[in-house]
There are 2 protein chains.
Amino acid sequence: MTAPRKTPIWKEISRALRADIAEKIYTEGDKLPTEAELAARFGVNRHTVRHALKSLIEDGLLRSRRGAGVYVTAAPTDYPIGRRVRFHQNVLAGGQTPQKRILHIDHRPASDGEAQALKLPLRAPLVVYHGISLADDHPIALFSSHFPAELLPGMADALRETSGVTEALKRCGVSDYTRISTRISARIATATQANHLHTQEGAALIYTTGVNVDPDGTPVEFGQTWFAADRVTLTFDSPD
Amino acid sequence: MTAPRKTPIWKEISRALRADIAEKIYTEGDKLPTEAELAARFGVNRHTVRHALKSLIEDGLLRSRRGAGVYVTAAPTDYPIGRRVRFHQNVLAGGQTPQKRILHIDHRPASDGEAQALKLPLRAPLVVYHGISLADDHPIALFSSHFPAELLPGMADALRETSGVTEALKRCGVSDYTRISTRISARIATATQANHLHTQEGAALIYTTGVNVDPDGTPVEFGQTWFAADRVTLTFDSPD
DNA sequence: GGTTATTTGTGCGTATGTATG
DNA sequence: CCATACATACGCACAAATAAC
């Protein structure tokens, strides 16, 4: 009698390979070891490896070519975190094409936490911008940005026209902004989040919150972002 | 047809419970009333209460244990990330008592990725230190630290005696070190990880990798850390 | 350009644990 | 208690595409 197993072997292998890709041990264009080699490494049958590979191919991370091998299609996007966080610049620097899709632009009073983060009075009017960030047409993050409506008249329209935070802020008179605080944690994807990010319910998300201020130190944005951990690695490079 | 409510009942309940937690009516580690009791208190169906609880669990304020009850999550430990990352100092600064538990200290050749991170030749000997980091006797992270064995003679013994990285490095002649790169992502807890961290399989983990160098710029440590996301928030505070 | 080894794709058979009725 | 169905896992064999010589 063998001991009962909680999670299937093929899922463990799938997870291990996914982690290797996220860590760039195998990166875009690389050829994975052959199925026979992987089977030997994990001590399982080739069919079991194939089952794991199949799930990764369906998720778009790998591509197989009969007679040649299995190749990595997607490289995780490096996303630098620091004083100046700019989605467009970050993605462009990684050689990918940035894009934002507007889900919803709302106008409502601030909750306790939102007001505190933006140093506003309770129930102050906010413009709230929900959307999806994409790199090379693949969704990499969900976000919601909160702006003080009274400080930034016309912000909602500016967002609808430009869909970019930096551009919209510039139209409202904020020529530059810097991030004063960033908090990072991790979450599990809900069904709707998974749907938007083209991943599966229960997948790992990097959850960040941050506050941006104008040159005078006045908060102009409180943002939340949920990154698909499969496709994004946050990086922090200490300056020399 | 009834007039549509402006806010759904479950959101009202969610907000009420959130307020109770903010007011410390229920505080860290407390068990909430049972779902049935809450349903009676708010005069709604148990499903409605569950909907409210679900949103708070997703936000990390609560944690449910089947057969036990719903508990208020411990206030997350803030863990500053920057040039100088020191576990002991970070936890002490948060008013908690740091501690490390040694799981395993190994001696083995470096893999591809490890050798690259430490700028060592392939299969160079490593000392690998697996352990658990605790704050106030609660596990907050799993880690594995990799040290170049030839550069740091006696490192394994030093780690066994001190269990602290900073202390052990000092004994091996490295009086100071700084972190040159940090990569952050998120992972799903495996069964064994969940067991060590006293959480559930499938829970969200913050996964970080980093390289520490001595004052000359020579890599002395490559570390991986898996933080329990419901107990830890990483913070970056940009200096003014 | 043809031959050969390598590698993925496919089919069939066996066995086990789990869930359902 | 039994029958059935399904997912998991292993073993063997062979076809088809590719790469290397």
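Buried area is the accessible area, taken with a 1.4 Å probe, that two parts lose on being put together, summed over both. In the predicted model described here, the area buried between chain A and chain B is about 2,800 Å². Carbon and sulfur atoms give 53% of that area. The contact involves 37 residues of chain A and 35 residues of chain B.

Polar and charged interactions also occur between the two chains. There are 9 residue pairs in polar contact between chain A and chain B, both members of each pair being at pLDDT 80 or more. A salt bridge joins the side chain of Asp78(A) to that of Arg183(B), with an N to O distance of 3.0 Å. On the side of chain A that touches chain B, two or more residues are given by each of the elements α1 (9-22), β7 (178-188), β8 (204-213) and β10 (232-237) of chain A. Of these, β7(A) provides the largest share, 10 residues. By class, the residues on this side of chain A comprise 16 nonpolar, 10 polar and 11 charged.

Strand pairing also crosses from one chain to the other. Strand β10(A) and strand β7 of chain B (residues 178-188) run antiparallel and are joined by 4 bridges. Within this pairing, Leu234(A) has Ile184(B) as its bridge partner in β7(B).

Within chain A, the assignment gives two domains, domain 1 spanning residues 9-72 and domain 2 spanning residues 77-236. The centres of domain 1 and domain 2 of chain A, taken over C-alpha atoms, are separated by 33 Å. Contact between these domains is made by 4 residues of domain 1 and 5 residues of domain 2. The area buried between domain 1 and domain 2 of chain A is about 370 Å², and carbon and sulfur atoms give 33% of this area. Of the area that domain 1 buries against domain 2, 71% is supplied by Arg18(A), Ala22(A) and Lys24(A), more than by any other three residues.

Between domain 1 and domain 2 of chain A, the count is 1 salt bridge. Arg18(A) and Asp230(A) form a salt bridge in which the closest N and O atoms are 2.5 Å apart. The side of domain 1 that touches domain 2 consists of 1 nonpolar and 3 charged residues, with no polar residues.

Domain 1 of chain A extends over residues 9-72, and a hairpin is formed by β1(A) and β2(A). Strand β1 (residues 62-65) and strand β2 (residues 69-72) of chain A run antiparallel and are joined by 4 bridges. Arg63(A) is paired with Tyr71(A), its bridge partner in β2(A). The hairpin has 3 residues between the strands, and Gly67(A) takes a positive phi near 85°.

Over all chains, the count of salt bridges comes to 16. One salt bridge within chain A is formed by the side chains of Arg171(A) and Glu161(A), at 2.6 Å from N to O. Arg171(A) lies in helix α7 (residues 165-171) of chain A and Glu161(A) in helix α6 (residues 155-162) of chain A, so this pair ties together parts that are 10 residues apart in sequence.

Notes: Residues are numbered from 1 along each chain as its sequence is written. Chains are lettered from A and ligands numbered from 1 in the order in which they are written. This is a predicted model: local features need pLDDT of at least 70, side-chain atom pairs count only at pLDDT 80 or more; totals for chains, interfaces and linings use all residues. Side-chain values use heavy atoms; hydrogens and water are left out. Domain bounds come from an automatic or database domain assignment. Contact means heavy atoms within 4.5 Å. A salt bridge is a side-chain nitrogen of Lys or Arg within 4 Å of a carboxyl oxygen of Asp or Glu. Ala, Val, Leu, Ile, Met, Phe, Trp, Tyr, Cys and Pro count as nonpolar, Asp, Glu, Lys and Arg as charged, and the others, Gly among them, as polar. A polar contact is a pair of N or O atoms within 3.5 Å; within protein, one must be able to donate a hydrogen and the other to accept it, and residues adjacent in sequence count only if both atoms are side-chain atoms. Two strands pair if DSSP finds at least two bridges between them.
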